[in-house]
Structure formats: C-alpha cells, structure tokens
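The sequence and the structure are shown below for reference.

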Amino acid sequence: MSQKPQLTILGCGVLGRAIVDGLLSGVSQEYRIALTHRRSDAAKALQVDFPKAVVSTDNKDARIWSGTVSRHIVLIGAQPRYTADVCRDISAAVAVLEQQRQKTPLTVVTVCPGITVAELASWLPAGTPIVRSMPNTPISVGQGATAIFASASTPADTVSELLVIFRLMSPVVTVLPREELMDAVASVSGSCPAYVFYLLQGIAAAGESLGLPADATRQLVAQSCLGAARLMQETPESSLGDLLSNVCVPGGSTEKAIRTLDRFDTGSAVQAAVKEAWKANLEMGKTSKSH
Ligand SMILES: NC(=O)c1ccc[n+]([C@@H]2O[C@H](COP(=O)([O-])OP(=O)(O)OC[C@H]3O[C@@H](n4cnc5c(N)ncnc54)[C@H](OP(=O)(O)O)[C@@H]3O)[C@@H](O)[C@H]2O)c1
C-alpha cells in the first residue's frame, strides 16, 4: 500500500484551522494530519474538531516526526514572533528527516510577513527546503489570495503540491520569482481586505445616515463589493479605468461622487497607504533579524 503524505501545522490557530478545513473538504489524496497548539485547552478543541489528526501541545512530539509517510509539509502557523522558537523546537527532528530525504522529502512553510528564507535557514538544518507564503484573511471563508516564494532547494513537485493545497482555500495563488516581492504582496493583497473594509465602512455609514436599515445596508454593500470584484475578474480585457467609467454616466450621480473622491485626492491617499504598509513590512524584516 502506498504511504500517505503528511501535513503538519505547528501553532494551529485561525489560519491553520482554515487550511485543515480546506484540505479535508477538497483534496482527493488523503493526508496524515498533525497539529500542535501550545495551550492544552486549544489542543483538546483541535482533537475534537479533527478526530483523525495527531494533536499535541509539543512541537517535538515523536508521533509527529516518526510516522512513515511519503513526504512531509510542515507549516508554521504560530505568530511571527514565535517562529524562531518553533524552528528551534523542530530542528533536531527535521535534521533526522533531512538525512533520509530520499525516503521522506520535507518542506517547511511559513505564512507570515517579515521573516526571510535566510533567517529561517539559519534556524533550521542546512539545506531544508523552505517556502514562504502570504495568504490573507478571506482564506478563512475559502476566498483567500495567496502568494508563495520557494527557496532554491524546494523541489518543483513540492511547489505544485502547495499550489493545490492553497487553492483549496485561496482561489488565487501566485508564485513569486523574487523573495523581496513578498513585502509588496503583504502590503497589496495581505492588507487589501483592510483597505476594502475601510471604504465599505464609509459607504455603509453614509447609507445608514440616509435612513437605510443597517442589515440591508450591510448586505447591499457586501454584494456590491463581491459583484464588482467578480466583474473585474471576469472581464480581464477591461482596465479598472474602463470599469469605473462604465458605472459613471456623464453628468450622473456616480460621476459626481467620484469627482468628490478626486477632490480629496483619494487615489493618491490609497497609494500612499499601500506604500506605508510596504515600508512597514520591509522594516519588520529588518527588526525580526535582531530577535
Ligand atoms: N488568520 C488569517 O487569516 C491570516 C492570514 C494571513 C496570514 N496570517 C498569518 O498566519 C499566522 C497565524 O495567524 P493566525 O490568525 O492563525 O494566528 P492565531 O490564531 O493566533 O494562531 C497561532 C497559534 O499558534 C499558537 N502558538 C504560538 N506559539 C506556539 C508554539 N511555540 N507552539 C505551538 N503553538 C504556538 C498560538 O497560541 P496562543 O493562542 O496561546 O498565542 C496561536 O493559537 C500569522 O503569522 C499571521 O500573520 C494569518
């Protein structure tokens, strides 16, 4: 009988759960799943929700590392400030698997901004294949947008496998050619839900101030946003400028609204906001090196 692959999530919180949910709902090939959480109450809840998974409060638990599996993807889901600790926890076990790499290829995947492949490599045994990924919060409802960057030592078939896994909860997954683009992705798609919520908050507040019931406003605004995004995806031949002018009948109310946004230079403000997030992500990369 052929062996199963294994997916391990160390620090299985909100994002980790979304990934396991996606995996269990969609992948044809069955994975052995191992999950950790540093708190025992949270580990117990994981075991209830995912009864077939190996669940532990110990990242070094032998049950995670000694199973006979065809390949092993180890995703670090803990908050960025704990990533170094988790890498140190697992370093010895990864070294053992690395020595038998032909038998059990292993890849370590991170999901956070600011921690580079070089730093991760310094915390893990030499030559460990490392993949950085940058999903965003809609991943928890199966609608994420994710970018990944793979270190040179990552086999191409592992990258393909990760694309399949991430696409289960993130319909768009992009492979980046250069690692520094991760900072741009973090500030563009990583933070994009926040930019959208900010705008929607303003639209909803205006709707309510004009007498619309809050529930109806929320639904109308959310669906308008979904519909606009779908229109953008399904008409790649149209530029965003075209899509915008399609809604703006000359002299009409929407055109007047957009002119008001222009008067406040909203387009430039949005670009400045994204660049500020980008600088903060660059800075995060520098400060994490000092930890
Ligand atoms: N949530 C999203 O949609 C999303 C989207 C994009 C990227 N991300 C990134 O994904 C990472 C996780 O985000 P999240 O929202 O899933 O966070 P989360 O819900 O806080 O999950 C991380 C979990 O790891 C646990 N943990 C911390 N240190 C640990 C250790 N040494 N061993 C085992 N478990 C440990 C934490 O325990 P405690 O609860 O005790 O702290 C926490 O429950 C972050 O880097 C975040 O930036 C998340």
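## Overall architecture

The model is predicted. The protein comprises 12 helices and eight strands. Its C-alpha trace extends over about 70 × 40 × 35 Å along the principal axes. Of the 291 residues, 32% count as buried.

The domain assignment of the protein gives two segments: domain 1 covers residues 6-182, and domain 2 covers residues 192-281. A distance of 35 Å separates the C-alpha centres of domain 1 and domain 2.

## Ligand shell

The ligand is surrounded by 26 residues. The closest of these are Gly11, Gly13, Leu15, Ala78 and Cys112. By class, the shell consists of 12 nonpolar, 11 polar and three charged residues.

Two helices, helix 1 (14-26) and helix 4 (83-99), each contribute at least two residues to the shell around the ligand. Helix 1 gives the most, with three residues.

## Ile9 in strand 1

Strand 1 spans residues 6-10 and includes Ile9. Is Ile9 buried or exposed? Ile9 counts as buried because 27 C-beta neighbours lie inside 10 Å, whereas the threshold for this class is 20 or more.

Ile9 can also be related to Asp61, from which it is 52 residues apart in sequence. In space, the C-alpha atoms of Ile9 and Asp61 are 13 Å apart.

## Helix 7

Helix 7 is formed by residues 181-190 and is mostly covered. Eight of its 10 residues are buried, namely Met182, Asp183, Ala184, Val185, Ala186, Ser187, Ser189 and Gly190. Of these, Met182 is also the residue at which the assigned range of domain 1 ends.

## Packing of helix 8 and helix 9

Two packed helices are described by the angle between their axes and the distance between the axes. For helix 8 (residues 192-209) and helix 9 (residues 214-234), the axes come within 10 Å and cross at roughly 140 degrees.

How are helix 8 and helix 9 oriented to each other? An angle over 145 degrees would count as roughly antiparallel, and one of 65 to 115 degrees as roughly perpendicular; helix 8 and helix 9 are therefore oblique to each other. The crossing in which helix 8 passes helix 9 is right-handed.

Terms used:
Residues are numbered from 1 along each chain as its sequence is written. This is a predicted model: local features need pLDDT of at least 70, side-chain atom pairs count only at pLDDT 80 or more; totals for chains, interfaces and linings use all residues. A residue is near a molecule or strand if its C-beta atom, placed from the backbone, lies within 6 Å of it. Helices (H or I, at least four residues) and strands (E, at least two) are DSSP runs, numbered from the N terminus. Ala, Val, Leu, Ile, Met, Phe, Trp, Tyr, Cys and Pro count as nonpolar, Asp, Glu, Lys and Arg as charged, and the others, Gly among them, as polar. A residue is buried if 20 or more other C-beta atoms lie within 10 Å of its own, exposed if 12 or fewer, and partly exposed in between; C-beta atoms are placed from the backbone. Domain bounds come from an automatic or database domain assignment. Axes are lines fitted to C-alpha atoms, for helices over the stretch in contact, and angles run from 0 to 180 degrees between N-to-C directions. Angles under 35 degrees count as roughly parallel, over 145 as roughly antiparallel, 65 to 115 as roughly perpendicular and the rest as oblique. A crossing is left-handed if the near helix is turned anticlockwise from the far one by less than a right angle, and right-handed if clockwise.
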